[in-house]
Amino acid sequence: MQRQKNFSDADKESLLDLIFLQRNVIENKETDRSTLVKKDEVWVDITNKYNANTTIKRSEKALRYCWDNLKKAARKYCATLKRESYKTGINLLLGIYKFKKSL
């Protein structure tokens, strides 16, 4: 099996739009059987809808990996922002104060 092309920004947006509609099921933390079956059904539905709208057909596994990678990148970005705010905390507060004062 050959490696597929990387997800473009438009592909990622399309995937995020589909996931957003089912986020309450996908991001459910419960691990009982009925929840896992429901999650599998939702991922199959997302895969079918995604493949209907794109020229490159992706597997359910590929879409799940993409979703996991997007979540990891978001967590990494938020952690970096938090770290930077601790480094330059006083400057950040002064900037916010000056911004509010200028309004």
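**Aromatic pairs.** I searched the whole of this predicted model for aromatic pairs and got one. Its members are Phe7 and Tyr50, with ring centres 6.4 Å apart and planes at 50 degrees, so I logged the pair as tilted. I then looked up where the two rings sit in the chain. Phe7 is in the segment before α1 and Tyr50 is in helix α3, 43 residues apart, and I noted the pair as a link between distant parts of the chain.

I checked burial next. Tyr50 has a relative accessible area of 0% and is buried. Phe7 comes out at 18%, which also counts as buried, because the cut-off is under 20%.

**Charges over rings.** I looked at what lies over the face of Phe7 and found Arg58, at 3.9 Å from the ring centre.

**Salt bridges, Arg58.** How many salt bridges does a search of the whole structure find? I got six. Asp11 belongs to helix α1 (residues 9-21), while Arg58 is in the loop between α3 (33-53) and α4 (60-87), so the bridge ties together parts 47 residues apart in sequence. I have both Asp11 and Arg58 down as buried.

**Salt bridges, Lys71.** I turned to Lys71 and found a bridge to Glu27, with 3.4 Å between the closest N and O atoms. Lys71 is in helix α4 and Glu27 in the loop between α2 (23-26) and α3; at 44 residues apart, they link distant parts of the chain. I read off a relative accessible area of 24% for Lys71, which is partly exposed. Glu27 is partly exposed too, at 29%.

Lys71 also bridges to Asp68, where I read 3.9 Å for the closest N and O atoms. Asp68 and Lys71 are three residues apart in helix α4, so about one helical turn separates them. I put Asp68 down as partly exposed, with 33% relative accessibility. Which residues do the shared partners join into one network? I wrote down Glu27, Asp68 and Lys71.

Note on methods:
Residues numbered from 1 in each chain as written. Predicted model: local features only at pLDDT ≥ 70, side-chain atom pairs only at ≥ 80, totals over all residues. Heavy atoms only, no water. Salt bridge = Lys/Arg side-chain N within 4 Å of Asp/Glu carboxyl O. Helix = DSSP H or I, 4+ residues; strand = E, 2+ residues; numbered from the N terminus. Buried < 20%, exposed > 50% of the residue type's maximum accessible area, 1.4 Å probe, protein only. Phe/Tyr/Trp six-rings, centres within 6.5 Å; stacked < 30°, edge-to-face > 60°. Lys NZ or Arg CZ within 6 Å of the ring centre and 35° of its normal.
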